[in-house]
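Here are my notes for a colleague opening this structure for the first time. Keep the model in view while you read, and take the points in any order you like.

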Amino acid sequence: MKISTLLDQIDNGQTALPEFQRGYVWNRDQVRGLMTSLYKRYPVGSLLSWATDATTVGHRGDQQLNAGTVNLLLDGQRRITSLYGIVRGRPPAFFDGDERAFTDLYFNVENEEFSFYMPSKMANDPKWISVTRLMQDGSEVLLQEMLEGGVVGHGEIASVVTRLTRLRDVRDIEVHVEQISGGDKTLDVVVEIFNKVNSGGTKLSKGDLALARICSTQPDARARMRKALDDWRAQGFHFSLDWLLRCITTLTTNEAKFSFIHDLDGEQFVTGLNKAIKHISYLLDVIGDRLGLDHQQVLTGHYSFPVLVRFVEEQGGKITDKVTLDAMLFWFIHAAIWGRYSGSTESVLSRDLDILLDNQPQGIQALIKELHLWRGSLKVRADHFAGHTRGNRFYSLLYMLTRTGEAQDWGLGIALKKNMLGSNSSLELHHIFPKHRLREFGYDHKQVNSLANFCFLTKGSNLSISNRLPVEYFEEVRHNYPDALQSQWVPMQTQLWQIEYYPDFLKARRELLANATNQLLEELYPVDDSQDALSVSSPVREVPGGIESEEEEQQLRELQEWMKVHKLPAGELEFEMNDPGSGEPLAILDLAWPEGIQPGLSAPAVLLLNEEGEVIKIANRAGYQVFEDVDHLKRHVAEQILDDPLAVLPTWAQHLEDRAAVPVVEWIVDQELPEPVIGQDVEDANGEVVGNFELSWPEHRVGIWNEHGKASPIPPTLAGWHLYHLEEVRQAPYLLSHQLVQQATA
């Protein structure tokens with residue numbers, strides 16, 4: 001089948017994507033490679049489609065399908081989507097991804113190179129033509145413009161016409177489409193085939209498979225789920241589709257495994273979906289109101305929601321009994337801080353669901369008893385607050401204590417409860433002992449960023465305290481608001497406010513935080529102290545990793561914004577990486593992409609700034625691609641994903657003529673060498689321009705040629721210059737460093 005015919009079938013609804021297909025995740029380099037292969041008439045592989053009844057299958061997008069049989073692409077989505085975008089100049093109706101991957105592809109009629117539009121490279125070079133415009137307007141129009149502009153001489157017409165025609169005729173290339181059909185090709189069979197032929201990509205998860213079956217009869221279900229996830233995201237909660245589907249599963253089937261959804265009809269699923277959304281929103285409201293956990297970073301227990309949703313359903317959609325509600329919150333807190341669902345989630349959820357449902361109406365009490373048996377003790381100890389990152393689970397406890405107790409702001413004296421703050425207000429993390437003062441005194445970063453050195457204040461109060469030590473500002477706070485320090489669990493022995501006694505301050509405050517936590521938990525649900533007294537509690541293991549400083553956090557957040565600008569996942573700050581079997585935390589990763597920077601195409605990735613070797617080894621063993629420098633990660637993204645290596649170079653490098661010079665520029669930046677001149681003209685003795693440098697340092701009399709710029713013979717005006725060929729410096733950049741440093745010190 002011709003490519004053009006296939007694209008027409010997409011337009012008229014004869015060809016589409018099945019609902020279970022993932023979104024488009026190709027990058028520019030892959031698109032450029034595809035077009036290069038087609039132009040050279042290299043084989044690009046066959047396609048696989050599923051011929052089935054349009055009325056009985058779910059498809060992606062909102063286009064109207066052709067009546068009768070429709071062909072759903074199982075293998076070839078990325079290739080066909082890319083070609084559709086290039087030829088049509090817009091993405092197809094089923095598109096879900098970043099259309100910049102195939103937008104603004106250009107072709108050089110002289111050297112037959114494909115590249116995405118780069119102003120510095122193409123703005124003044126009319127031999128670069130838009131591939132999309134060629135596909136839509138034809139070669140005659142472009143050729144005429146070139147002739148009129150003097151771009152193409154009469155002797156070049158034949159070769160240019162041949163190249164333009166060859167490129168435009170890509171639309172007429174025949175691709176083999178293998179088709180599967182027949183009544184025995186159920187969705188289960190088709191999905192199994194899909195996973196086999198898609199071996200190079202990400203397998204469909206169990207959740208994907210379950211949702212695919214539902215969407216075959218309820219095509220709007222996925223959109224409804226995404227809408228709910230978007231609504232929660234707007235409130236500061238970032239949940240996944242699989243997580244929501246798990247909540248629907250437990251609600252509708254009383255089971256945790258996705259396979260139990262298979263027996264539901266479409267109406268049952270939609271009913272369960274609507275209930276799950278309602279129950280989750282109710283739980284978020286209750287937990288936010290009673291515990292103050294009002295955003296994602298402090299809602300560490302959201303993996304327990306599949307159980308809680310089932311419990312809320314058993315209670316008729318709302319828990320009216322305060323004792324029962326308090327018991328539920330008690331269980332939720334403990335499930336969160338001990339990582340109940342951080343390991344083998346499905347098996348633990350199944351066990352807890354059975355316990356909940358087999359012990360009605362005392363299901364929550366039975367779950368608390370199970371926690372007791374699992375943990376050995378439900379008492380919080382002072383050493384549990386010994387962590388030093390916000391990725392630590394007990395960070396959420398500190399925030400919860402602040403929002404639920406009588407904690408006061410040290411600058412305003414107001415209560416820091418959620419309902420006492422304006423809708424546009426938020427709390428800022430405050431280091432009680434300023435970080436740089438502690439570093440100056442000799443404390444290491446783990447001590448500086450100890451959880452017991454954190455408290456929460458309004459932004460104005462945080463700024464007004466600035467970098468003063470407690471011994472300098474605590475008396476002022478105590479004078480203005482006598483109870484404010486105690487309300488934030490500050491030990492009142494004034495000796496501990498001195499920087500020399502900082503370790504003793506941390507120890508004392510941990511005791512106060514542990515006592516406050518146990519008091520809160522006891523008020524929610526009294527436990528039998530004798531059980532805890534007989535239990536042997538394991539020592540708290542320090543979890544390595546985490547953000548070390550404000551400077552690091554600023555770097556990471558700026559990188560996240562940069563990723564968002566380029567429509568890539570921002571990554572998760574202070575990601576807790578757990579042992580897949582036990583659920584115990586292994587490390588806190590500064591900024592992680594657990595599903596890869598290109599989900600479905602790339603390996604998990606992590607940026608670790610100033611971390612010890614232990615954390616790097618843990619990430620490597622878990623299969624993460626590790627970056628230890630922001631610039632190196634950006635360069636990887638620019639070159640491997642965006643196919644635009646200039647995207648991360650300094651402003652002065654944006655006018656490079658030759659992309660081969662990019663590694664040299666990176667070396668110049670890394671080594672902090674002087675800024676060069678780009679494209680400096682070289683004149684002969686008569687003042688005629690006979691060539692130009694790719695990069696040069698006139699004051700140091702150092703220049704780099706490339707093949708297109710070097711003049712021969714060397715003009716006498718360059719006597720005394722140190723000249724290098726571009727490839728020479730690419731292979732041995734230290735030559736450049738040596739010469740520039742030598743000249744600078746001469």
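1. Pro361 lies in the loop between helix 15 (345-358) and helix 16 (363-375). The peptide bond leading from Gln360 to Pro361 is cis, with omega near 5°. Helices here are DSSP runs of H or I with at least four residues, strands are runs of E with at least two, and both are numbered from the N terminus.

2. A word on the basis of these notes: this is a predicted model, in which local features need pLDDT of at least 70 and side-chain atom pairs count only at pLDDT 80 or more, while totals for chains, interfaces and linings use all residues. Residues are numbered from 1 along each chain as its sequence is written, and side-chain values use heavy atoms, with hydrogens and water left out.

3. For the overall picture, the protein chain has 30 helices and 19 strands. Of its 746 residues, 52% are buried, where buried means under 20% relative accessible area, exposed means over 50%, and partly exposed is in between (1.4 Å probe, protein chains only). The accessible surface of the protein chain is about 33,400 Å², and carbon and sulfur atoms hold 47% of that; the areas come from the Shrake-Rupley method with a 1.4 Å probe, and for residues only the protein chains shown count as cover. Among contacts (heavy atoms within 4.5 Å) with a separation of 6 or more, 64% are between residues 24 or more positions apart.

4. Next, have a look at the open sheet of four strands with the order 1-3-2-7 and mixed pairing. Its edge strands, strand 1 (15-16) and strand 7 (177-180), each pair on one side only. Two strands count as paired if DSSP finds at least two bridges between them. Strands of a sheet pair through backbone hydrogen bonds, either parallel or antiparallel.

5. Strand 2 (residues 47-53) shows both senses of pairing. With strand 7 it is parallel, over four bridges, and Leu48 has Glu178 of strand 7 as its bridge partner. With strand 3 (residues 69-75), strand 2 is antiparallel over six bridges, and Asp53 stands opposite Thr69. Is strand 2 enclosed or open? Six of its seven residues are buried, so strand 2 is largely enclosed by the rest of the structure.

6. Helix 12 (residues 266-291) and helix 14 (residues 322-337) pack with their axes 12 Å apart, at an angle of about 90°. The two helices are therefore roughly perpendicular. Residues making the contact include Leu283, Val286 and Ile287 of helix 12, and Leu325, Met328 and Phe332 of helix 14. The axes are lines fitted to C-alpha atoms, for helices over the stretch in contact, with angles from 0 to 180 degrees between N-to-C directions. Angles of 65 to 115 degrees count as roughly perpendicular, under 35 as roughly parallel, over 145 as roughly antiparallel, and the rest as oblique.

7. Val615, Ile616, Ile618 and Ala619 are buried. Seen down the helix axis, the buried residues fall within an arc of 160°, so they line one face of helix 26; the arc is that of the directions from the helix axis to the C-beta atoms. These residues pack against strand 10 (572-578), strand 11 (585-593), strand 12 (605-607) and strand 13 (625-627). Lys617 and Arg621, on the other side, are exposed. Just after the helix, Gly623 takes a positive phi of about 90°.

8. Trp489, in the loop between helix 22 (484-487) and helix 23, has a positive phi near 60°. Trp489 is buried, with a relative accessible area of 12%. Arg701 has a positive phi of about 55° and is found in the loop between strand 17 and strand 18. At a relative accessible area of 36%, Arg701 is partly exposed.

9. Lastly, strand 17 (residues 695-697) and strand 18 (residues 702-705) run antiparallel, joined by three bridges. Ser696 has Gly703 as its bridge partner in strand 18. Both strands belong to an open sheet of four, in the order 14-17-18-19, with mixed pairing.
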